[in-house]
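Please examine the structure shown below.

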2 protein chains.
Amino acid sequence: MDDAATLDVGGETLVLTHDMIVEGIHYRADDPAADVAWKLVAVNMSDLAAKGALPRGVLLGFSLAADADWDRDFATGLRDALTHFGAPLLGGDTVSVPKGAPRALGMTAIGLAPPTGAPSRAGARAGDLVYVSGSIGDAGAGLALLSGGGAARSEAEQALIAAYRRPMPDLVLGRDVAPLVTAMADVSDGLLIDAGRIAAASGCAVRMELDRMPLSDAFLAVRGESLEDRRFAATAGDDYRLLMTVPPERAQALAHVAERHGTPFTRVGACVPGQGLTLLHNGREIALPPRLGYEHSDILP
Amino acid sequence: MDDAATLDVGGETLVLTHDMIVEGIHYRADDPAADVAWKLVAVNMSDLAAKGALPRGVLLGFSLAADADWDRDFATGLRDALTHFGAPLLGGDTVSVPKGAPRALGMTAIGLAPPTGAPSRAGARAGDLVYVSGSIGDAGAGLALLSGGGAARSEAEQALIAAYRRPMPDLVLGRDVAPLVTAMADVSDGLLIDAGRIAAASGCAVRMELDRMPLSDAFLAVRGESLEDRRFAATAGDDYRLLMTVPPERAQALAHVAERHGTPFTRVGACVPGQGLTLLHNGREIALPPRLGYEHSDILP
């Protein structure tokens, strides 16, 4: 029910998360190696941020595919990302992959939860307000630009591509909001699917308001703000923003944290009695899109 | 310099290790899925055992390759192994791999070091004796049998294949010898290469005695005890036994632990002043084989 596990050790709560990315599935084979490394680190840091945890270190599982240039660029991006997020490389494993096989890269991040505890997906209650940090849809729009080909890029297009290639989860923001939220998750698979998971884990319904989606200037310049654009932003994923539920009486305190960090928080919905996800647009309920985001499969029965 | 990292948290020492295995590289594509799961768990448990650590849990990175039978058998083997080693599955990630691509599987194990601390590879001193637990070469002989094809298997052959497919690192043994050793490692890549790594990390020379290699009855029945057989056993790897250095005055205490566990410990060498690895056979120095075991590559400069 959660993207990260917790483990109590010596009076502290460890937060543990493991993410894998596979060439051709989670990143494009032509993505720069340094950006692939950044993304691998960032997706793990995003899981920690959603728990209010700060990193103690990471372990890396690296695939060698007989391309020393790629490996060197990856190491550079890895160093930059680990420095940025303040996460030392503790260890890991290096394996060869058969000739022509896609690389599979794994990372485990170990963090320490705040003294107030690690928020889960399961704490939301009817009456809570749903907030998201920053803007959404940028990375999805950036990926769509890359998939569409083309070379000359406007500044706005470059910003969207950067959002896809160099996601910037905010660990300190996560730590600072953790004591205020009833539930928290990172937006990795799509805002709607991640909101639906909070609803399912918490045993309440979540109503999302599509007209409230926070869209960046770059997104507005490149795509727009039609219903279709908003639907795209709310289901594209790869945002690595924080999705939070808070009781109304803590909305003010949350706004203070947002202001201190210079990060906009936007109210995008509310928890109500019942179950499941409903979608509103300009106050009217509309049908859920057929695809709410990226769906994981599950091996264990 | 070590197969596992340590991290101090709340007065406890965590031991963290991550191992990846890739289809066609670390296991045979026709190895039973349940055995692949067992091996993935066992190689990680072996790293913990070499630190005297007992597991607190594991995280799994699993590749889906559109084969539900394989996945179900893997899950069965995973459950059996985690139950055997007493390691709960805390979390992880499931990814799809492109059609036809080999599976890459990753596991992170988290353990707690004993109160006396986690032995490293670096503590051996000239004068220490070198011991190995159990027998070596069995898994290597089993793999050779599988690679050679054939169907009808003698009992001894079956035992060797089982040693390859279901390695049995001994966590409690590792915990019990940890306070006695000056250095410890698991024999994963080959006895000689792992002994050479202790020498390099500890800043002493290690002299290994090939005529002292502990060979199992099954190994003797299927292969023999010629110089070539002993060389094979000492370089084949996949043994997941414990390689230990102890000062002579603790040899008696070590023997008591071995007896209590019903596991033979064999003195296979000694640490002497100098550096590097030397090999003896019946008291005479002989040339090192060109290949001491499985060599890892390293991505970081």
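This is a predicted model: local features need pLDDT of at least 70, side-chain atom pairs count only at pLDDT 80 or more; totals for chains, interfaces and linings use all residues.

Residues are numbered from 1 along each chain as its sequence is written, while chains are lettered from A and ligands numbered from 1 in the order in which they are written.

In chain A, 46 residues are in contact with 47 residues of chain B (C-beta atoms, placed from the backbone, within 7 Å). Elements that each supply at least two residues of the side of chain A touching chain B include strand E3 (54-64) and helix H2 (68-85); helices (H or I, at least four residues) and strands (E, at least two) are DSSP runs, numbered from the N terminus. E2(A) gives the most to this side, with eight residues.

Strand E6 (residues 129-133) of chain A is largely enclosed by the rest of the structure, because four of its five residues are buried (20 or more other C-beta atoms, placed from the backbone, within 10 Å of the residue's own). E6(A) runs antiparallel to strand E9 (residues 241-246) of chain A, with four bridges joining them; A:Val130 has A:Thr245 as its bridge partner in E9(A). Five bridges join E6(A) to strand E10 (residues 265-272) of chain A, also antiparallel, and A:Ser133 is partnered there by A:Phe265.

Helix H3 (residues 138-147) and helix H4 (residues 155-165) of chain A pack at about 105 degrees, their axes 7 Å apart (axes are lines fitted to C-alpha atoms over the stretch in contact, and angles run from 0 to 180 degrees between N-to-C directions). H3(A) is therefore roughly perpendicular to H4(A) (65 to 115 degrees).

Definitions and conventions. Two residues are in contact if their C-beta atoms, placed from the backbone, lie within 7 Å. A residue is buried if 20 or more other C-beta atoms lie within 10 Å of its own, exposed if 12 or fewer, and partly exposed in between; C-beta atoms are placed from the backbone. Two strands pair if DSSP finds at least two bridges between them. Angles under 35 degrees count as roughly parallel, over 145 as roughly antiparallel, 65 to 115 as roughly perpendicular and the rest as oblique.
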